[in-house]
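Here's a quick tour of a two-chain model, starting from the inside and working out to where the chains meet. Have the viewer open as you read.

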Amino acid sequence: MSEEKIIRIQDLKLHFTTTRGAVQAVDGVNFDLAPNKAVVVVGESGCGKTSLAKAVLRLLPRNIGEYSGKVYLKDLETMSLSDEEYRKQVRWIKMSMVPQAAMNSLNPVMRVGDQVAEPMIVHYGVDKDKAMEQAAKMFQNVGVPVDFLSRYPFELSGGMRQRVAIAMALVTSPELVILDEPTSALDVLTQANIFNLLKRIKTELETSFILITHDISTSSELADIVAVMYAGQIVEVSESHRFFSTPRHPYSAKLMASVPRLRSKEELDFIVGRPPSLINPPTGCRFAERCPKRFGKCAQEPPIYNFGEDWVKCWLYEDQGEKA
Amino acid sequence: MTEEIMTKNAENSTEPILILKDLQVYFELKKFGFQHAGYVRAVDGVDMELRRGETIAIVGESGSGKTSLMRTILRVNNPTGGTISFEGQVINNLKSSELKAFRQKVGYVQQDPYGAMAPFMSIRSILEEPLKIAGIKDKEERSRRVHQVMEEVKMTPVDDFLAKFPHQLSGGQQQRVVIARAMILNPVLLVADEPVSMLDASVRVEILKLLRNLQESHNLAVIYITHDLATVRYFSEYIYVMYAGEIIEKANESDLINETAHPYTHALLAATSDPDPKNVDEFQDVPPGEPPSLVNPPAGCRFHPRCAQMIEGVCNVEVPPEFDLGKEHLVSCWLFKDYEVAKNRS
């Protein structure tokens, strides 16, 4: 079964050292993803979502305390590769990323066509004309007029820049693309356009996606699977139909209740308090302090309970789920 | 505090406190720095009436002129044409001393709370600043007002926060301080520009509820600017939809959502997703193209190049007047030409 997964992450940890102590931004994350599926990682800010993306793609800052665990891309174990091997074999070849605020991450003094062609030249060593041809093809694919190739980022609207950033991630045809908040700075109509584009790419190019977002409403446009992250850990993984109707973890339920809806006028709820500091996360269940269903056992670290492909990390499911 | 609320309520009348008539805001474009090269028509003929205790939400894409409209109401920009009256007085050409008095009655909540506060000032000095400018010299009075407003925005225990700096607070707390600063001079009108778009979903609701409570206890008139229709529903009596500098549809909240008239409003609603797993299987229906340039807006209806229901020879030639659909529901679209004309536009 494991061979058919596109990515398997086992006990991934990424801690940063700071003067105040180690920040446990990613602390023991496990999950895997089947090919041509999209997983959405949701959670509040400061739960380690972006750090998870960076840990998977090994785009690390200098102040690393601990970086451990296993990441398999199909059969390739990537954590044991050296940085140079990783760059040559994995990054932008098997896996690429559309960074947060991608529209502002373009190089302002480089024509967008050159920027999209660059990964082809760097990673596959093709000559410039071939790379530009490929970039032009990619522009068509993401719905940017081909004559925009010679424009600079400031000449493009926000939505167009976002498309260019997506083209840049897709140009080397990786199997897995990580999208970090791809639409958070965009208008509703542009958001809808970008999600239409991602859906089309998912079917046409059979790409898999890890989508990181705090916007649960728009995430439902792409999600096959939802993973909920809280305080550096994943607390629930559920198939999306299941998640959007009856989320299992109390944190997931609270998150869903705080989403404003256009088509039903339920009373909105919010989560009192804020996520714990990742320097000294609470022992036991990390959500316990904010949890309405807290009971005695929550002082101990909850195990993972499986429900088929889904799982949840919460003591409430002790009698129902199968302990992993 | 309760006494204050009572007197506030007693002042309540049905007279609008803010009236915009045919408001225009144009920005001149210059070639070589001096030669006239046309205008950006950021706001073009906007009418509005706002009463105390009411909220009007202005919804539209970026570049539709929402922020220019708001900045003109705050008199940061000067109107090119039309009038703005506040409490019965036209404020188009206020002198700077009068402007100061006007601004003390208007609170402003910015989009990005962190960017809106000076990073080197403590929360106490951020909140005291407006009081100093308003000429409150008594230190104890200032301290009392700071404590009072911090309690109102539920930043308690107050003394724990006052010595802190903006970067030491979470996003939600920062936005509370910005709201406290807007409220500290007891304004009658609050202008909130995307107050929750930078915040987490879980905090968003908290801030919206706080704004709603403040509005009720102070009987505030609120202008809420946003592009997110889903949050509008929980917070506004009236919704104005803005496109390319014009208000194209206005209605109360439930009519706008349930009896939507303008094709552009339909498109906005269709593009707003609810968390529903069925979304995965369908493409969203999005009108092609992008909002037009405000330098040379399209002739006729400004939405016609993107509109699926465009009537050739009508929509692309003549500017649609405002048609009255009843129940204060107004729409500028030729599809409703059988209704009575509320206002002709040129």
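Predicted model: local features only at pLDDT ≥ 70, side-chain atom pairs only at ≥ 80, totals over all residues.

## Around A:Ala167

Setting aside neighbours within four places in sequence, A:Ala167 is in contact with A:Val116, A:Met138, A:Phe139, A:Val142 and A:Val144.

That residue also turns up when you look at the largest nonpolar core, a set of 185 residues: A:Ala167 and B:Val241 have the most contacts inside it. Helix α5 of chain A, residues 158–170, gives the most to this core, with eight residues. As background, nonpolar side chains tend to be buried together in soluble globular proteins.

## Where the chains touch

Now over to the contact between the chains, which takes 39 residues from chain A and 33 from chain B. On the chain B side, the elements giving two or more residues are α8 (201–218), α9 (229–232) and α11 (263–271).

Sort the chain B side by class and you get 16 nonpolar, 10 polar and seven charged residues.

## One helix pair up close

Zoom in on helix α6 of chain A (residues 188–204) and α11(B): their axes come within 9 Å and cross at roughly 55 degrees. The two helices are therefore oblique to each other, and the crossing of α6(A) and α11(B) is left-handed.

Who makes the contact? From α6(A) come A:Val188, A:Leu189, A:Gln191 and A:Ala192, while α11(B) brings B:Ala267, B:Leu268 and B:Ala271. By class, the contact of α6(A) with α11(B) has six nonpolar residues, one polar and no charged ones.

Methods
Residues numbered from 1 in each chain as written. Chains lettered and ligands numbered in written order. Core = buried A, V, L, I, M, F, W, Y, C linked by C-beta atoms within 7 Å. Buried ≥ 20, exposed ≤ 12 C-beta atoms within 10 Å, placed from the backbone. Helix = DSSP H or I, 4+ residues; strand = E, 2+ residues; numbered from the N terminus. Contact = placed C-beta atoms within 7 Å. Nonpolar A, V, L, I, M, F, W, Y, C, P; charged D, E, K, R; others polar. Axes fitted to C-alpha atoms, helices over the stretch in contact; angles between N-to-C directions. Parallel < 35°, antiparallel > 145°, perpendicular 65-115°, else oblique. Left-handed = near helix turned anticlockwise from the far one by under 90°.
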